[in-house]
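Hello,

Here is the structure I promised to pass on. Please load it first, then read the notes below.

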Amino acid sequence: MARITYITPDGKQVVVEASGGSLMTAAVQNQVDGIEGECGGVCSCATCHVHVDAAWISRVGPAGDAEAAMLELEDGVNSASRLGCQVPIRPELDGLTVRVVGR
Amino acid sequence: MKTERDPFIQKRQESGVEYMRAEGQEMPLVLRLQDVRKICKDWKTFSNDDPFMIVPHSEANVRSVRQYPIETDPPDHTDYRALVEPFFRRPNDANYQVSMQHLVDEVLAAAATPDCVDAVSDLALPLQSRSLARLLNVDDSEAKLWISWGTHVFKEGDGISKGAELSSYIREKFEAAEGSDADDFFSVLNRADFQSRKLTLEEKHGFANMAFAGGRDTLIHTISSIIAYFAAHSESLEFLREDHARIITATEEFVRYVSPLTAIVRTCPHGAKVLDAVIAPGGRVGLCWPSANRDETAFTQHDEVVLDRSLNPHVGFGFGIHRCLGAAQARLIIRSLLESLCNQIEAIKLIEAIPEVEQESSFERKVGYKRLLVSFIPRVPRALRPGLAA
Ligand code: HEM
Ligand code: FES
């Protein structure tokens, strides 16, 4: 089980508890604004873009090659960017905060 | 090795560009995934503001209006797109999803008799048209006429224009909806405000034109290709049944593999250079979705259907500001169809396939089927299968 805090584009905090899936699926199941997950999590739509809180970047880890190639061309990308669907939820992410980029 | 759906492999690997004859020019087609994406992002250099020219061969002789929002650039594009976005987001609603599953179940059940049926006219076309009626929030009965238009709304297979029929239908609909406070596509666009004014009839017509034409042959070719795939791979339905998550991955994989839209075109008002291709000011360049979707540097087993491909960064629905507005609808239809096939169908027998092949100066490519005659073998309910207790 991990508690994840999403900060939506309009500044609302949404806290979600999840024990599986990804940062995208947990957000979609809890209707977090700005995360749509249109492609279902195969890294094709970028509607799950988040910025990982600075303190968590090393624990969350870097984007893979396919994800990095997508992110390279996304608006609002920075060194904390990840696609939520490519970040599996695992117990060590308990307490993580991410900012939803949205479109 | 060239395949019927990927005639671009050699050029993709050698130079990243293929040339095709279009509107009197040798137009470059960009073939690699990241090059296609980069062009999609750079709308100042690669513009959509060129009416009738969004596809390689001008549509000026088959339609009379600019298509919205696709044939526009920001900042106008942003505002035009926002006007219709609420319609295209309807498929994200849970009730809409349930109702779509019922519709697909019903259309498949009607088509799935042991007799010979045409998966194009008896399944793909009614699915496309009846689901569009839901998207546009008009009565299901409207779809009867749309079905009668066939796969292509602008041209018959022999190239004869029939765009005039669609045009007069659309204009009549906007007129009939004048003053209405209903929530259908036509009434809502009549009331819409664009940059502090009402839309002109030309603009509304251009929106409707895109809604009717944009997702028509693309969706129909994808559906018929899915049926052909299951007819050739009888074990694959069982593979999907084993893990429900595969409905999602298979949907994306069919969109990647089929890539029914060969190319969408950008115009370069100031000229551009892409790899070794030099585009003169006012010249055009094509984005070749099926080739980008088989880029071997991004996709393993790039020319095979991998139904559980979990990493699938395809651009079947485009990329960037013009990414497909109908993607949520298309995905929902395909996911619902896979769900229905898994529940209702044991196997599909191919009787006859007549492919639809696009012929260009430098390549030909299979995009789907003109006719796909099959028979569906229904799934025997578990309780009735010999040797299985109820
Ligand atoms: C499998 C089915 C489909 C495929 C493969 C597909 C593919 C595409 C692609 C590649 C683009 C990008 C065009 C560009 O970059 O200029 C696009 C845009 C668009 N599509 Fe689709 N499409 C499909 C279904 C649909 C459906 C069902 C609809 C409507 C009911 C639709 C409506 C649109 C619209 C309105 C745009 C323009 C968006 C804009 O300019 O902002 N599409 N589509
Ligand atoms: S859900 Fe589509 S890229 Fe993450």
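Helices are DSSP runs of H or I with at least four residues, numbered from the N terminus. By that count, Gln301(B) is found in the loop between H13 and H14 of chain B. Please keep in mind that this is a predicted model.

Cys324(B) is placed between helix H13 (289-292) and helix H14 (327-344) of chain B. Its SG is the only protein donor of the iron atom of ligand 1, at 2.3 Å.

Now the backbone. Most residues other than glycine have a negative phi, and most peptide bonds are trans. Some exceptions turned up in chain B.

Positive phi:
- Gln301(B) has phi near 45° and is not a glycine. Gln301(B) counts as partly exposed, at 44% relative accessibility.
- Glu23(B), also not a glycine, has a positive phi of about 50°. Its loop runs between strand S1 (17-22) and strand S2 (25-30) of chain B. Glu23(B) is partly exposed, with a relative accessible area of 43%.

Cis peptide bonds:
- Tyr68(B) and Pro69(B) are joined by a cis bond, with omega about 0°. Pro69(B) lies in the loop between helix H2 (33-41) and helix H3 (76-88) of chain B.
- Pro74(B) to Pro75(B) is cis, with omega near 5°. Pro75(B) is likewise placed between H2 and H3 of chain B, in the loop.

Best wishes

Methods: Residues numbered from 1 in each chain as written. Chains lettered and ligands numbered in written order. Predicted model: local features only at pLDDT ≥ 70, side-chain atom pairs only at ≥ 80, totals over all residues. Heavy atoms only, no water. Donors = N, O, S within 2.8 Å, 3.2 Å for Na, K, Ca; no water. Helix = DSSP H or I, 4+ residues; strand = E, 2+ residues; numbered from the N terminus. Buried < 20%, exposed > 50% of the residue type's maximum accessible area, 1.4 Å probe, protein only.
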